[in-house]
Amino acid sequence: MPVVLRYTLLRLSLLAAVGLLAYAVGLRGVWWLLVTAVVSILLSFVLLRGPREQMTQAILDRQQQRAQGGPSRGGGRFSRGLDDDAAAEDADDDRRREGPRG
């Protein structure tokens, strides 16, 4: 399972657990929402440190791989197409700015 998905599921599970607990205690309405959000954020900061660091490292590794021109998930075809489109658009823009010569 990808680390980003794993971390997201852990955060959502923690949010749901805290929400259920707050509801069982008797909190309702805005107070329930506020307590659930604040407590789940604080707990995730403490309890999910390891998965958060793994996710951060995976994102940094992927950024570094892309910066070095390494393989991407889709084989790079989509990205190359975007680069080609951007280059054509830039060239067209440059021609318009230069204006007619002659």
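This is a predicted model: local features need pLDDT of at least 70, side-chain atom pairs count only at pLDDT 80 or more; totals for chains, interfaces and linings use all residues.
**Entry 1: overall make-up**

I looked up the secondary structure first. The protein chain has 4 helices and 0 strands, and its elements run α-α-α-α from the N terminus on. I then checked burial: of the 102 residues in the protein chain, 12% are buried. For contacts with a separation of 6 or more, I noted that 59% join residues 24 or more positions apart.

**Entry 2: the core**

Which residues form the largest nonpolar core? I found 5 residues there: Tyr 7, Leu 14, Val 18, Leu 48 and Met 55. Helix H1, residues 3-25, gives the most to this core, with 3 residues. I followed Tyr 7 further. Leaving aside residues up to four places away in sequence, Tyr 7 touches Leu 48, Pro 51, Arg 52 and Met 55.

In soluble globular proteins, nonpolar side chains tend to be buried together. Leu 12 lies in helix H1. Its relative accessibility is 49%, so Leu 12 counts as partly exposed; the cut-off for exposed is over 50%.

**Entry 3: salt bridges**

Side chains of opposite charge can pair when their charged atoms come close. My search of the whole structure gave 4 salt bridges.

In helix H3 (residues 49-67), Arg 49 and Glu 53 lie 4 residues apart, about one turn of the helix. Their side chains meet in a salt bridge at 3.1 Å, N to O. Arg 49 is exposed, at 51% relative accessible area, whereas Glu 53 is partly exposed, at 44%.

In helix H4 (residues 77-98), I checked Asp 92 and Arg 95, which are 3 residues apart, about one turn of the helix. They form a salt bridge at 3.6 Å, N to O. Arg 96 also forms a salt bridge with Asp 92, with the closest N and O atoms 2.8 Å apart. Which residues do shared partners join into one network? I recorded Asp 92, Arg 95 and Arg 96. On accessibility, Asp 92 is partly exposed at 28%, Arg 95 is exposed at 52%, and Arg 96 is exposed at 62%.

Notes. Residues are numbered from 1 along each chain as its sequence is written. Side-chain values use heavy atoms; hydrogens and water are left out. A nonpolar core is a set of buried Ala, Val, Leu, Ile, Met, Phe, Trp, Tyr and Cys residues joined through side-chain atoms within 4.5 Å. Buried means under 20% relative accessible area, exposed over 50%, partly exposed in between (1.4 Å probe, protein chains only). Helices (H or I, at least four residues) and strands (E, at least two) are DSSP runs, numbered from the N terminus. Contact means heavy atoms within 4.5 Å.
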